[in-house]
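Please look over the structure below before reading on. The notes after it are grouped by topic.

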Amino acid sequence: MVVVGIEAMNVFGGSAYLDVMQLAQHRQLDPARFENLLMKEKAVALPYEDPVTFGVNAAKPLVDALSEAEKNRIEMLITCTESGIDFGKSISTYIHHYLGLNRNCRLFELKQACYSGTAGLQMAVNFILSQVSPGAKALVIASDISRFIAAEGGDVLSEDWSYAEPSGGAGAVAMLISENPHVFQIDAGANGYYGYEVMDTCRPIPDSEAGDADLSLMSYLDCCEQAFLEYQKRVKGVDYKDTFQYLAFHTPFGGMVKGAHRTMMRRLTQSKPNEIEADYLQRVKPGLAYCQRVGNIMGATLYLSLAGTIDQGTFDAPKRIGCFSYGSGCCSEFYSGVVMPQSQEHLRRFEIERNLNDRYQLSMDEYESLLKGSGAVRFGTRNAKLDFQLIPGVIASGKGRQRLYLEEIYEFHRKYRWES
């Protein structure tokens, strides 16, 4: 069997961000509950940014690093999103065009809430493993945005949902999947999956979210345990505490991951509180580094955690990472892979942390003005022209880097422009 995994990986965490402590103070959120989110910043999508621009801006550095021959071996482009812009036309078609990929390529889009990125990754992995086209590559792009407008709460919807605003982010992760897993080698066949119908979070109308925060938490915890137990059945000798040197979780917010890890350690290893805290700092916290600065980017969030783990962890020898993916509704999966000592170098050439540092910091007044204008471009917008000078500092902060932005929508057709 050929080896398979992530050959190259990059994150685009937005052009602008907001300090979420300022947001919490502005919204008068309970300080103790807010601190439990373990959030620092959130990426904010500008009106001229959408899932297409985020996806292209994440993938462009990967594609540019390939030779023409390598680029032409990308035979599958999978976009993974719950922020689609059309019921029929996939955002993969726009992304394929602006990346200048070979037309002999399968283009399609997947949806299953925050599980979509894992669905795309596993489909790409199986395409490579099938060897129906030896040497082919697949490009998987998970891209999601929150233009936050809280839905009105009914009898079921919880007031706690207002705490989703500080953690609702915008961003994309692009992964090139091939027989050359320089960044992350997948343990082929080592998967535990678990899913069932539950109404925990949803997007019942375009550009808005609703849900039951308590139900979502319980479903996440249930799936984390059951998906791992299924993985354990399929892989001999697995132990939650000793098999994985690091753990990467789907991260709606850091506090939820810390709680899930604590629950798993109590139930599966009977560890004491001080042991659980030490284990969290060693194996889980590196994966929160970028999630705390971008926010929940749905289908891409697990891969934001994986990128943080590889970038911030210590890899002086091959180390195994256990990955937990959860998508509301729901579907979940626990799987694993191995990071080699040279993997960090392959990942760090795309300077993820530096790009996050260079984003424009929004003031609360600028953020509020963006919320008021967030209806300018929505699902189904037929005609619109976007103003790149809405907040002049945002475009200026990206000078020197080639980035794609939405310039115009004409008769539903979105037209984009490169800025550098």
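This is a predicted model: local features need pLDDT of at least 70, side-chain atom pairs count only at pLDDT 80 or more; totals for chains, interfaces and linings use all residues.

**Helix 7**
- Helix 7 covers residues 213-234, which makes 22 residues.
- From its first C-alpha to its last, helix 7 reaches 32 Å, close to the 32 Å expected at 1.5 Å a residue.
- The buried residues of helix 7 include Tyr220, Cys224, Phe228 and Tyr231.
- In an α-helix there are 3.6 residues a turn, so residues three or four places apart point the same way.
- Among the elements that cover the buried residues of helix 7 are strand 8, helix 8 (254-269) and strand 13 (331-339).

**Asp187**
- Asp187 is located in strand 8, residues 184-195.
- Asp187 has 17% relative accessibility, and because buried means under 20%, Asp187 counts as buried.
- The side chains of Asp187 and Arg320 make a polar contact at 2.8 Å.
- Leaving out residues up to four places away in sequence, Asp187 touches Tyr231, Arg320, Ser336, Gly337 and Val338.
- Tyr231, one of these contacts of Asp187, is also one of the buried residues in helix 7.

**Strands 15, 16 and 17**
- Strand 15 (residues 384-385) pairs with strand 16 (residues 403-410) in the antiparallel sense, over two bridges.
- Lys385 has Glu408 in strand 16 as its bridge partner.
- Strand 16 also runs antiparallel to strand 17 (residues 413-419), and seven bridges join them.
- Tyr405 stands opposite Arg417 of strand 17.
- Two residues lie between the strands in the hairpin of strand 16 and strand 17, where Glu411 takes a positive phi near 50°.

Notes: Residues are numbered from 1 along each chain as its sequence is written. Side-chain values use heavy atoms; hydrogens and water are left out. Two strands pair if DSSP finds at least two bridges between them. Helices (H or I, at least four residues) and strands (E, at least two) are DSSP runs, numbered from the N terminus. Buried means under 20% relative accessible area, exposed over 50%, partly exposed in between (1.4 Å probe, protein chains only). A polar contact is a pair of N or O atoms within 3.5 Å; within protein, one must be able to donate a hydrogen and the other to accept it, and residues adjacent in sequence count only if both atoms are side-chain atoms. Contact means heavy atoms within 4.5 Å. The expected span of a helix is 1.5 Å times one less than its number of residues.
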